[in-house]
Amino acid sequence: MVNIRNFCIIAHVDHGKSTLADRLLEITETIKTTGHAQQLLDSHPISRERGITIKLAPVTMNYRGYCLNLIDTPGHVDFSYEVERSLAACEGAILLVDAAQGIQAQTLSHFQKAKKLGLKIIPVVNKIDAPSARVEETIDELAQLVQLDKFSVLKISAKTGEGVQELLGAVIERVPSPKSNINAPTRALIFSSVFDPQRGTITYVRIVDGEIDKTDKLFFLATHLQGATLQLGHFTPKMMPSEKLSAGEVGYIITNIKDPSLVKIGDTITTNSFSANSLIGYKEPKPMVYVSLFPVDQNDYSLLEDSLRKLRLNDSAITFSATASKALGRGFRCGFLGHLHAEVSQERLEQDYRLNIIATMPTVEYRNNEEPWVKAMILAPSQYLGAIIGLCENRRGILKDQIYHGEHVTMTYELPLSEIITDFFDQLKSNTAGYGSIDYEILEYRPFEAVNLEILINHEAVDAFSQIMEKGRGLQYGKFLVERLKEILPRQQIPVAVQASIAGQIIARADVPAFRKDVIAKLYGGDRSRKDKLLEAQKKGKKKMKRIGKVEIPGDTFLRIFKT
């Protein structure tokens with residue numbers, strides 16, 4: 001264990017975590033220098049497409065007699081629960097900061113979590129080769145943040161590899177070896193899990209005490225479940241089987257448990273019946289944003305349910321329950337940690353399971369005229385202070401604190417969650433030339449004036465558009481939806497009225513004109529009375545259609561509205 005180092009890379013989104021992981025794998029000769037995909041640990045197609053890490057990824061590297069266990073982590077606030085699990089499996093953390101963008105909101109958040117757990121922090125400034133790099137300024141900011149001498153801050157370019165070898169040396173020198181006991185009763189912490197259709201549940205574990213042999217029986221303390229070890233090993237970065245996992249090591253275990261929902265993240269695995277003491281686990285991630293998902297083809301309902309179950313095995317933060325809509329049919333109300341989490345999950349369902357899905361507008365959970373509020377930390381260059389204040393005040397924000405760090409300012413706001421789950425992040429980036437960042441945590445529920453916004457198509461309420469919201473926002477959003485529907489709804493044989501209603505009162509209306517059929521197109525010349533007779537018959541027919549006809553709303557109408 002003296003030669004084991006368990007560490008992770010933590011940073012804000014797009015500061016170079018996965019690129020640095022590539023260079024570390026190359027220098028330690030875990031992978032070949034050429035011929036591999038970029039951001040190798042971001043193996044999921046959506047991670048590659050979006051350029052963000054959505055799932056933690058462990059790997060074991062052997063370097064100069066040392067066993068280095070690295071965990072690459074996500075940076076976006078929606079996936080911060082993955083970061084917390086990674087930190088619990090490590091003794092040290094590389095705190096990575098982009099030399100051009102400087103310290104961001106998630107930089108502060110991850111640093112505070114790592115510090116609270118007592119991890120050894122190695123501050124590193126990345127992208128020193130970038131044309132817009134502010135290397136010395138960023139070093140000063142980072143040294144001030146971690147309260148270290150500025151000469152202890154390392155400078156690297158993950159892209160070119162400059163300084164990365166020195167960083168590896170610093171990991172070996174500064175990160176302590178695990179304080180584990182190989183002779184104590186076996187205890188392993190489950191810090192993640194995935195579901196494989198061929199092999200079943202695969203648990204990612206950190207062996208805290210003792211060891212697990214490939215022939216051992218397993219006992220899960222939280223669920224009182226028993227299982228057998230089918231295979232265990234290390235990540236290199238592919239899964240490499242081995243004979244055993246010993247104290248201080250990070251690896252995987254494939255069990256004979258066929259129902260993956262029984263394997264809980266944060267549970268303790270032992271090999272000594274249920275007599276061992278449980279390790280400190282994690283808080284269960286609580287969904288705060290809700291989106292209803294409906295299959296475009298109702299015949300895919302069972303496939304959607306099965307796909308959601310499988311997706312939840314790889315992401316325990318997702319919840320779902322059956323729901324139904326007159327307009328959209330049967331579907332599921334799904335809970336997510338944030339808007340990006342919901343978007344990524346929908347993409348995974350569509351790509352991994354070949355589903356065509358309609359997603360409704362994101363909403364939050366209300367409780368008896370109370371809504372959830374968050375404590376948000378917004379960090380940006382101080383020149384954008386006025387724009388941020390304006391944005392937050394328009395979203396019912398309350399300013400609680402304001403701290404300057406050189407040319408940057410950190411603003412602490414209290415905001416309703418419903419005001420930040422849709423376009424707030426985009427607006428923040430737009431108002432701060434891309435430099436603003438946000439991190440938030442749930443604060444409490446507070447009273448608010450709730451209204452039920454209904455959208456009526458030809459005087460009939462469409463439940464898929466109905467939602468509870470704050471009164472002021474309901475007026476604004478109702479008008480917006482009516483105008484969008486006027487643009488998107490296909491023309492019918494009859495005029496279609498689109499209305500927004502609150503408490504039975506119409507607050508907005510737009511009319512979609514009828515698609516007029518030319519009934520006199522075949523008449524050439526002749527008496528005018530023949531044309532008038534046909535036009536009058538068409539007019540009477542349209543009156544009848546308007547009275548008894550129902551408007552068909554195509555599925556892509558909802559898709560286009562809700563992706564706005």
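**Questions on a predicted model**

Colleague: Is Cys-392 buried or exposed?

Modeller: Its relative accessibility is 0%. Buried is under 20% relative accessible area, exposed is over 50%, and partly exposed lies in between (1.4 Å probe, protein chains only). Cys-392 therefore counts as buried.

Colleague: What kind of model is this?

Modeller: Residues are numbered from 1 along each chain as its sequence is written, and side-chain values use heavy atoms, without hydrogens and water. Local features need pLDDT of at least 70 and side-chain atom pairs count only at pLDDT 80 or more, while totals for chains, interfaces and linings use all residues, for the model is predicted.

Colleague: How many disulfides does the structure hold?

Modeller: A disulfide is a pair of cysteine sulfur atoms within 2.5 Å. The count for this structure is zero.

Colleague: How many helices and strands are in the protein chain?

Modeller: Both are DSSP runs, numbered from the N terminus: helices are H or I with at least four residues, strands are E with at least two. The protein chain comes to 13 helices and 28 strands.

Colleague: What percentage of the contacts joins residues 24 or more positions apart?

Modeller: A contact means heavy atoms within 4.5 Å. The count takes contacts in the protein chain with a separation of 6 or more. The share from residues 24 or more positions apart is 70%.

Colleague: Which residue of β3 stands opposite Met-61?

Modeller: Strand β2 (residues 57–63) runs antiparallel to β3 (residues 66–72), joined by seven bridges. In β3, the residue opposite Met-61 is Leu-68.

Colleague: Which residues does Asn-62 touch beyond its neighbours within four places in sequence?

Modeller: Asn-62 lies in strand β2. Its relative accessibility is 57%, so Asn-62 counts as exposed. The contacts are Thr-28 and Cys-67.

Colleague: Which residue in the turn between β21 and β22 has a positive phi?

Modeller: β21 (residues 398–405) and β22 (residues 408–416) pair antiparallel over seven bridges. Gln-402 has Met-411 as its bridge partner in β22. The two strands form a hairpin with two residues between them. Phi is about 65 degrees at Gly-406.

Colleague: Which element gives the largest share of the lining of the largest cavity?

Modeller: Four lining residues come from β26.

Colleague: Where is the cis peptide bond that involves Pro-237?

Modeller: Pro-237 sits in the loop between β11 (225–235) and β12 (239–241). Omega is about -5 degrees for the bond joining Thr-236 and Pro-237.

Colleague: What is the phi of Asn-368?

Modeller: Asn-368 is in the loop between β19 (357–359) and β20 (370–381). At 77% relative accessible area, Asn-368 is exposed. Although Asn-368 is not a glycine, phi is positive, at about 45 degrees.

Notes:
Pairing = 2+ DSSP bridges.
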